[in-house]
Amino acid sequence: GQFIHRKGFDLLLNAWEPVSEHKNWKLLIIGGGELESDLKEQILKSKNKDSVILMNFMEKSELIKYYKASDLFCLLTREDVWGLVVNEAMAVGLPVITTRQCVAGNELITDGENGYIVDCDDTAAATNAITHLIEYEELRTKMAKNNVAKMQGQTIENIGKSHIKEIETFFNE
């Protein structure tokens, strides 16, 4: 993702701080941008800085490997017109934690069934959601299966047909 204020990476790091006590878990943040030095500084100041890995932006063909190696996905955005990364994470079977400010989250996530929706500045709720998914592997597996099933019909062709249908409905009214 872009390391910009609205994407909420600082919020994610704040939410991760209490979670990082789960020693065998790591937070992987991939991206780049204007706030990279601020994020690095925030990581260095954290009590469990070794539990956070910051990686440079990468192409989708490379990024998919990291999605597949992950156990859950968090996007604590302050504002997102859609948030395509939510679709991508769901398609590979990751439970998703995102905010009410993420349109994709509002459209695709059913709280407790395939992920969690939290208020963007409620890092305690994000911490609780992350911790809950870490502690309950069976729930992560259930959410993963729900997300894969939900995304199977979300092909470009099907989305295009849906848009055409909506446009036709609009003009026929």
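Biologist: Which helices each supply at least two residues of the lining of the second largest pocket?

Modeller: Helix 4, helix 5 (103-108) and helix 8 (156-172) do that. Keep in mind that this is a predicted model.

Biologist: Okay, and which helix gives the most to that lining?

Modeller: Helix 8, with five residues.

Biologist: How much space lies in the second largest pocket, and which residues are the closest to its centre?

Modeller: There's about 400 Å³ of space in there. Of the 16 residues that line it, Asn87, Met151, Gln154, Thr155 and Ile159 are the closest to the centre. By class, the lining of this second largest pocket splits into seven nonpolar, seven polar and two charged residues.

Biologist: Now the largest pocket. How much space lies in that one?

Modeller: About 990 Å³. It's lined by 38 residues, and the closest to its centre are Leu28, Ile29, Ile30, Phe73 and Cys74.

Biologist: What classes of residue are in the lining of the largest pocket?

Modeller: You get 25 nonpolar residues, seven polar and six charged.

Biologist: Switching topic: how do the axes of helix 1 and helix 2 cross?

Modeller: Helix 1 covers residues 9-19 and helix 2 covers residues 36-45; their axes come within 10 Å and cross at roughly 10°. An angle like that makes helix 1 roughly parallel to helix 2.

Biologist: Which residues make the contact?

Modeller: From helix 1 it's Phe9, Asp10, Leu13 and Asn14, and from helix 2 it's Leu39, Gln42 and Ile43. Sorted by class, the residues of that contact are four nonpolar, two polar and one charged.

Biologist: Last one, Ile97. Is that buried or exposed?

Modeller: Ile97 counts as buried, because its relative accessibility is 0%. You'll find Ile97 in strand 4 (residues 96-99).

Biologist: What is Ile97 in contact with, leaving aside its neighbours within four places in sequence?

Modeller: Quite a list: Leu72, Phe73, Cys74, Leu75, Leu76, Tyr116, Ala129, Ile130 and Leu133.

Biologist: How far apart are Ile97 and Ala129 in sequence and in space?

Modeller: They're 32 residues apart in sequence, and 7.2 Å apart in space, C-alpha to C-alpha.

Technical notes
Residues are numbered from 1 along each chain as its sequence is written. This is a predicted model: local features need pLDDT of at least 70, side-chain atom pairs count only at pLDDT 80 or more; totals for chains, interfaces and linings use all residues. Side-chain values use heavy atoms; hydrogens and water are left out. Axes are lines fitted to C-alpha atoms, for helices over the stretch in contact, and angles run from 0 to 180 degrees between N-to-C directions. Helices (H or I, at least four residues) and strands (E, at least two) are DSSP runs, numbered from the N terminus. Angles under 35 degrees count as roughly parallel, over 145 as roughly antiparallel, 65 to 115 as roughly perpendicular and the rest as oblique. Contact means heavy atoms within 4.5 Å. Ala, Val, Leu, Ile, Met, Phe, Trp, Tyr, Cys and Pro count as nonpolar, Asp, Glu, Lys and Arg as charged, and the others, Gly among them, as polar. On a 1 Å grid over the protein atoms alone, a cavity is a set of points where a 1.4 Å probe fits but cannot get out, and a pocket is an open set with protein on both sides within 12 Å along at least five of seven lines; lining residues have an atom within 4 Å of a point. Grid points are joined across faces, edges and corners, and a volume is the space filled by probe spheres set on the points. Buried means under 20% relative accessible area, exposed over 50%, partly exposed in between (1.4 Å probe, protein chains only).
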